[in-house]
Amino acid sequence: MSGHIPEETIERIRQQIDIVDVIAAYLPLKKAGANFKTNCPFHHEKTPSFHVSASKQIFHCFGCHAGGNVFNFLMRHEQLTFPEAVELLADKLGIKIEQEKDGTRQGAGLWRKRYLAMYQIALGVYRQAVTDAKKGYSASAYLAGRGITQDTAAFFKLGFAEEAWEIVLNACRKEGFEDREIVDAGLAITGQKGKPFDRFRKRIMFPIYDSRDQVVAFGGRVLDETLPKYMNSPESEFYNKSRILYGLNFAKPHILREDKIVILEGYMDLISLFQAGIKNVAAPLGTALTVDHIRLFKRLTNNAVIVFDADKAGVEAMMRSSDLMVTEEVNVGVVRLPSGDDPDTFVRKNGPGEFEELIRQAQSVFDFRLGYFINKYGGGNVESRARIANEMMSFLAKIPNAVLKGAYMKRLSEKLELPEESIYRGMEDLTHTSGRGHRQGRFVETPLEVKIPKPKAELLMLGLILDDPEKIAVAMDAIEVDWITDTGISRIVRHIFGLHKQGLEVAASKIIIDLMDEKIAEIISESVSAASVMDERGRAFGDCLKKIKEVRLRKERELLQEKLKVGEKNGSSEGLVDIVREISKYDRLIKNL
Ligand SMILES: [Zn+2]
């Protein structure tokens with residue numbers, strides 16, 4: 001990914017920028033010893049567990065394990081790609097991103113420019129196929145059939161990909177783009193014989209815009225019943241569908257004015273509503289709503305209404321999305337359309353006024369869920385009501401606001417005619433039992449996803465060698481990289497050993513760039529943070545190495561034991577004596593550690 005920006009530029013930025021300055025521009029940092037801390041922006045909390053280390057130039061959250069260097073912070077907080085984060089910092093420092101001399105794809109800025117230019121060319125090709133009366137016949141007829149006016153089609157720049165193999169390719173080639181670039185941009189696909197062809201054929205094309213109003217991808221819908229019905233551009237450095245909401249660029253002023261966003265299922269629904277005058281709308285692109293999506297619109301409004309079809313898939317999606325929004329503290333309501341309707345058909349049948357009325361009368365998530373569970377379990381006897389209460393409580397436990405949660409608990413007891421105390425007690429229990437797969441308790445703020453803990457000795461060892469590079473040689477003498485059981489940690493350690501052998505600098509923030517992987521960044525920041533709170537680091541380091549060695553020896557011994565068992569079963573005594581001797585050798589090694 002970093003291939004398009006000269007490495008020296010990234011390195012210069014890394015050395016000149018101070019992560020503390022950058023983060024302080026977004027979050028109120030308080031000094032805490034050698035570090036800074038604040039409430040984590042990536043999960044909900046009331047006591048700060050988000051730490052920033054000035055000396056290591058990394059951040060780490062002890063609550064949700066988010067972590068990394070300054071680039072990771074910007075990518076996550078500002079929803080940027082790596083090249084965009086680099087550009088932003090380069091701007092801040094007044095560093096110019098130069099173009100590399102050879103090849104055509106130089107520098108992140110330039111590649112972005114070329115990428116966008118190719119999308120503009122494709123956009124022109126697709127648009128022309130609609131506007132050209134003769135060519136666009138089937139496409140115009142299709143759009144008209146769906147009730148989309150020419151004005152609307154022009155506003156959204158809807159287009160048509162003809163049934164041809166090289167129209168976009170040729171148009172881009174003519175402007176000096178190479179086949180390799182066109183394929184890399186996702187506009188063409190390389191065929192079996194290595195010959196590229198246009199990705200989209202015989203589809204209505206919906207340009208997809210990023211937050212800077214640039215076309216970075218396309219969605220294509222078939223005219224007939226061919227499958228796949230929808231096809232999107234592949235994800236790229238500039239297009240990540242879990243970070244783009246379709247229509248948000250058009251809807252922004254309307255969302256601000258209404259102080260509300262309406263979340264729809266797909267782009268046809270969105271275009272239809274927009275045309276009908278309901279414009280504070282956005283839709284995920286063929287994916288479930290993500291936390292990143294929510295954070296995108298939370299900058300504009302804290303009020304959302306989810307509109308989904310009444311079918312089973314729609315209801316399930318609504319459950320998931322509303323759940324996520326509640327956790328992110330969005331005031332969310334839900335609208336379930338009458339069976340058989342989607343927003344498009346509904347608004348065409350009943351008009352925008354009726355639809356707006358639906359939005360105004362959106363059901364609270366609480367009522368929606370309660371209805372869902374009553375439907376599922378039946379609300380009659382005490383037993384089924386208790387089951388419903390249980391389901392509801394695990395949902396209520398996710399509500400960060402204590403006052404709201406209290407009010408809902410009261411309402412739950414009323415609705416289900418269960419004593420209030422039993423609800424309170426149930427909530428208490430929920431905080432003490434971790435079983436049943438429920439994620440959150442009442443007062444405990446837990447991370448959004450459960451992570452498999454890393455082997456402690458391995459994590460600490462990594463943190464300690466990053467803290468003090470003198471220890472690298474010691475570690476290299478004592479252990480082999482293959483002995484490390486965690487694949488992420490072993491990848492990092494292998495890289496560190498490699499750098500050390502070449503006599504290169506070993507810095508946490510630099511390794512994060514080298515390996516370019518969000519998970520790796522988190523492991524590194526976690527290990528450094530874990531090591532930074534250790535006392536007696538020398539001894540701890542020795543213990544870690546010993547532990548890693550011991551795990552390895554025990555594993556070897558186990559394998560021999562297995563071999564012995566198999567040999568005994570087969571009745572062959574040959575070699576068994578050797579194995580037994582080997583085993584006792586391992587016993588000795590373990591004992592003498
Ligand atoms: Zn966090």
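These questions and answers walk through a predicted model of one chain. Residues are numbered from 1 along the chain as its sequence is written, and side-chain values use heavy atoms, with hydrogens and water left out. Local features need pLDDT of at least 70, side-chain atom pairs count only at pLDDT 80 or more, and totals for chains, interfaces and linings use all residues.

Trainee: What is the mean pLDDT of the chain?

Mentor: pLDDT is the predictor's confidence in each residue, from 0 to 100. In this chain, 92% of the residues reach 70 or more. Residues 101-106 stay under 50, with 15 contacts (heavy atoms within 4.5 Å) beyond four places in sequence. Residues 433-451 are also below 50, with 34 contacts beyond near neighbours in sequence. The chain mean is 86.

Trainee: How many helices and strands does the chain have?

Mentor: Both are DSSP runs numbered from the N terminus: helices are H or I, at least four residues, and strands are E, at least two. The count is 25 helices and 17 strands.

Trainee: Why is helix α12 described as largely enclosed?

Mentor: Buried means under 20% relative accessible area, exposed over 50%, partly exposed in between (1.4 Å probe, protein chains only). The buried residues of α12 include His293, Arg295 and Phe297. They pack against β12 (245-246), α10 (248-258), β13 (261-263), β14 (281-284), β15 (303-308) and α13 (312-327). Helix α12 (291-298) is largely enclosed because its buried residues number 7 of the 8.

Trainee: How are α16 and α17 oriented, roughly parallel or roughly antiparallel?

Mentor: Axes are lines fitted to C-alpha atoms, for helices over the stretch in contact, and angles run from 0 to 180 degrees between N-to-C directions. The axes of α16 (382-396) and α17 (402-416) come within 11 Å and cross at roughly 170°. Under 35 degrees counts as roughly parallel, over 145 as roughly antiparallel, 65 to 115 as roughly perpendicular and the rest as oblique. The pair is therefore roughly antiparallel.
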